[in-house]
Amino acid sequence: MQNVWSLSSLKICSPACDAGASVLKDSFISQVYDRANSLLGQKIRVCGWVDNIRDLGGVRFVLLRDRSGVLQVVIKKGVTPETAIETSKELVKETVACFEGTLVESKSKLKYELQASGIQVLSKPVEPIPLEPATSTEAQLNVRLDYRWLDVRNLKVSAIFQFESWVANKFREFFRQNGFVEVFTPKIVAAGTEGGAEVFPVIYFGREAYLAQSPQFYKQMAVIAGLERVFEVGPVFRAEAHHTVKHLTEFHGLDIEMGFIEGPEDVMNMLESFFRYLAKEAEIDDSIETVRNYFDLALRVPSKVPRITIREAYEVLKERYNHQLPYMEDLDPQAERELGDYALKEYDSDFIFVTEYPWKVRPFYTMRKPQEPEWTLGFDLLFRGLEIATGSQREHRYDQLLANLRDKGLNPERFQFYLNFFKYGAPPHGGAGLGLERIVKQFLNLDNVREARLLPRDPERLTP
C-alpha cells in the first residue's frame, strides 16, 4: 500500500462540518501528511472514491482514494453515530462519498486515519464494475482503453497522466526561459506538410482541407515574421495505418523553431539542454512525488549527448549487431533499439542523436548538405532506442525550396501559400518536433505508447 500524499478534497471543520455542505474541490491533502501534527485531533472532511471496505463486525474500515493516494476511514460502533453507521452500509467499491471525522494516528501502514462521524454518499455504481481499478493494469490493454475512466482510477495509471502534464509544463517553462514565444497554429490546413505522408481530409465549406500533420509551415512562418524563436504544444494527426506500440494517429506534439542559427547543432544543443533540465527537475520537483511512488524517474543525460551520422550508424549496426541496413535508407525499429543500446554502453547515455539523414527520406523543407546534396542537415533524437524527436536546419532560400519541391515530385502550386513566406527575407532557421506521448512512454518505460495517451486513436479505435 502506498503512503497517502494528498487527496483532492479536504475541508478543515471549524468549528464543525455540516454533512450536507457543498463538496470542496480546491485543495489537496498533502496537508494530511505534511501538516499531520497540526491536524491531529481536528475535525476534517475528505471526499473521493471508495477503494475497498473491510467489515469486521463492530468496526468497518474504508479506504478512500483519489488520484494521489488513499486514506483509511474507521467506522466503529460506540464511536461513530448510528446514522453514519447506517449510511456506511450503503457503501460499495467505487462509491463517491465524503467522510467527516477526526484525524488520529493509526497503527496501519498509512500512519493516520479518520475516525468517522459523518458520511455523505454522492453517487454509487448502478451495475457491476467491468474493470476493477485496483487491478486494471493486469487486464488486456484493449479492455483498459474501453473502460479508460475506470483504468485511470488505478493510482499507477493516474500517475502517468500527472507526469505527462508535468512534462508539457516543463517544456513550456524551459523554452520560455530561453526566449521562445508560444504560438497557436491552425489544425485545419490547405496542404500536408510531410509530403508523401498520409493525411486526414476534411470538407471545409465545400473545399478539401486536411488535419495538420504538424505545425511545420506555420512555426517557420512565425520565425520569418520576426518572432525568431517559437514553440507550440498541440495536436498532430497522422493517417498512417500502423499497428505498432509506438504509433498513434493523433498525438500531442512539442514543437520548436528558432531563427538565426548557424547550423543544426544549435537545435540539437537546445534539445539536449531541455532533456538535461527535465532530468534534473524530475529528481527534485516535489509536485511529482506521487509519480515517484510508482516509477523510476532517473535519466542518463551526459554533459554531451553523443552524435553519430547515419553513415556511421550503418557501420556500427553492421559491425556490432550484424544488422545491415540498405544504404541511404532510414533506420528501422530494430536499428533504433540497437543504437539505444550502443549509446548506453559506450556513452552511459539514454539519448543519442543520429545526423545527416539521406535526402530521399526527409521532407522537402530540409536543408541539403553543401557539396553532398544526397544527404541533409536533418537529425533524429533517440531516447532509450526510440525516435522521440525529428529535426533539421530548414531550407530558407526561395529558389532552393522550389528546386526541392520539384525534386520530390511535388507541385509547387499546391505549396504557394508556404513559398510566399520566403519571398521577403527569411533568416537561417531550424527546429524539431517531439512526441509528448513517446517521451512519457520512454521516460516511464511503458510497453505501449497508447498507455501514455488518455484516449488514444489508432486505425481501429475511435471511442471512447
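## Two domains

The centres of domain 1 and domain 2 lie 46 Å apart, taken over C-alpha atoms. Domain 1 covers residues 7-123, and domain 2 covers residues 148-452. The structure is a predicted model.

The two domains do touch. Domain 1 gives eight residues to the contact, and domain 2 gives five.

## Where the domains meet

The size of an interface is often given as the accessible area lost when the parts come together. Here, domain 1 and domain 2 bury about 530 Å² between them. Carbon and sulfur atoms give 52% of that area. On the domain 1 side, Arg-65, Arg-67 and Ser-68 stand out: they supply 67% of the area that domain 1 buries against domain 2.

Three residue pairs are in polar contact, with both residues at pLDDT 80 or more. Two strands, β3 (59-66) and β4 (69-76), each supply at least two residues of the side of domain 1 that touches domain 2. By class, that side of domain 1 has four charged, two polar and two nonpolar residues.

## One salt bridge across

Side chains of opposite charge can pair when their charged atoms come close. How many salt bridges are counted between domain 1 and domain 2? The count is one. Glu-94 and Arg-153 form a salt bridge, and their closest N and O atoms are 2.8 Å apart.

The whole structure holds 42 salt bridges. One of them joins Glu-451 and Arg-144, at 3.8 Å from N to O. These two residues are 307 residues apart in the chain. Glu-451 sits in the segment after α14 (436-444), while Arg-144 is in helix α4 (residues 141-146).

Asp-350 and Arg-384 form another salt bridge, at 3.3 Å from N to O. This pair links two loops, 34 residues apart. Asp-350 is in the loop between α11 (333-347) and β14 (351-355). Arg-384 is in the loop between β17 (378-383) and β18 (386-393). Asp-350 has 6% relative accessibility, so it counts as buried. Arg-384 has 24% relative accessibility, so it counts as partly exposed.

## A pair at helix α14

Arg-453 and Glu-437 also form a salt bridge, with their closest N and O atoms 2.6 Å apart. Glu-437 is in helix α14, and Arg-453 is in the segment after α14. The two are 16 residues apart. Arg-453 counts as buried because its relative accessibility is 11%. Glu-437 is buried too, with a relative accessible area of 2%.

## A network around Glu-272

Some salt bridges join up. Glu-265, Glu-272, Arg-276, Lys-304 and Arg-307 are linked in a network of salt bridges. Glu-272 lies in helix α8 (residues 264-284).

Why does Glu-272 count as buried? Its relative accessibility is 6%, and buried means under 20%. Leaving out residues up to four places away in sequence, Glu-272 touches Val-301, Ser-303, Lys-304, Val-305, Arg-307 and Phe-353. Lys-304 and Arg-307 also belong to the salt-bridge network.

Technical notes. Residues are numbered from 1 along each chain as its sequence is written. This is a predicted model: local features need pLDDT of at least 70, side-chain atom pairs count only at pLDDT 80 or more; totals for chains, interfaces and linings use all residues. Side-chain values use heavy atoms; hydrogens and water are left out. Domain bounds come from an automatic or database domain assignment. Contact means heavy atoms within 4.5 Å. Buried area is the accessible area (1.4 Å probe) that two parts lose on being put together, summed over both. A salt bridge is a side-chain nitrogen of Lys or Arg within 4 Å of a carboxyl oxygen of Asp or Glu. A polar contact is a pair of N or O atoms within 3.5 Å; within protein, one must be able to donate a hydrogen and the other to accept it, and residues adjacent in sequence count only if both atoms are side-chain atoms. Helices (H or I, at least four residues) and strands (E, at least two) are DSSP runs, numbered from the N terminus. Ala, Val, Leu, Ile, Met, Phe, Trp, Tyr, Cys and Pro count as nonpolar, Asp, Glu, Lys and Arg as charged, and the others, Gly among them, as polar. Buried means under 20% relative accessible area, exposed over 50%, partly exposed in between (1.4 Å probe, protein chains only).
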